[in-house]
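Subject: Structure handover, salt bridges

Hello,

Here is the structure for your files. My notes come after it.

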Amino acid sequence: MAMLSNLDLIRRVRLFSMLTAEQAQAVADSVTKRRFKRGELLVEQGVHSNALFILLNGRARVLTADQRGREVIMAVLESGDYVGEMSLIDGEPPSATVRAEAPCDVLVLGRQEFSRCLPDPGSMAYGIMRGLVSRLRNADRQIESLALLDVYGRVARTLMDMAEDDNGRKIVRGRVSRQDMAKVVGASREMVSRVMKDLEERGQIETLEDGSVVLKHVESRIDSDGE
């Protein structure tokens, strides 16, 4: 059987199905092929890769892990799936690791070539894309918190996400609703109230008269077991 050209390969990928003939040829001329062995990382959480990876065959896992090495599998990728697009759109490092579960043949498309297929950065379409990527990152973070952190860690991370910088200190302005916090972290209102009270008694947060919360050493709770 004849070997498929890069153009034939990318036309089989749904991501590129709406490209014009000129765009498709430009992508085909830009991609490189690479094989990943079982266990190799296509993408590493927190490390810029500056490329889009398109699986031609094989299987890979999208996973996240805490500092103690506990992992959560967030998705399984197969032929036609791709990774790395979020970082190419918003410039932030990957929010998860992608590891080859079986040998994978992959097409690799660099940042510059990928950018040529995107809408103009000043367009509404591009703004919507960035907004969707932001929501996906928040969803990934929420899944990671629910799976890997205890209630103390989830409350601490939520407070950190809500906080803003105020002359060197982190503060959550306005009264923090225990009910809303409970819905975010997946716990009861009563449990959240107990955690907030304990954090305050330990000096890790301070509640001001207007209900705003000043964060002190609350980040230490993310890696603790709530003891």
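The notes below cover the salt bridges and the places they connect.

This is a predicted model, in which local features need pLDDT of at least 70 and side-chain atom pairs count only at pLDDT 80 or more, while totals for chains, interfaces and linings use all residues. Residues are numbered from 1 along each chain as its sequence is written, and side-chain values use heavy atoms, with hydrogens and water left out.

The structure holds 11 salt bridges (a side-chain nitrogen of Lys or Arg within 4 Å of a carboxyl oxygen of Asp or Glu). Helices (H or I, at least four residues) and strands (E, at least two) are DSSP runs, numbered from the N terminus.

One of the salt bridges joins glutamate 101 to arginine 61, with 3.5 Å between the closest N and O atoms. Glutamate 101 sits in the loop between strands E7 (97-100) and E8 (104-110), and arginine 61 lies in strand E4 (residues 60-65), 40 residues apart. Glutamate 101 counts as buried because its relative accessibility is 19% (buried means under 20% relative accessible area, exposed over 50%, partly exposed in between, with a 1.4 Å probe and protein chains only). Arginine 61, at 32%, is partly exposed.

Glutamate 71 and arginine 99 also form a salt bridge, at 3.0 Å from N to O. That pair links strand E5 (residues 71-77) with strand E7 across 28 residues.

Arginine 141 and aspartate 161 pair at 3.0 Å, N to O.

Finally, a network of salt bridges links Glu164, Asp166, Arg169 and Arg173.

Regards
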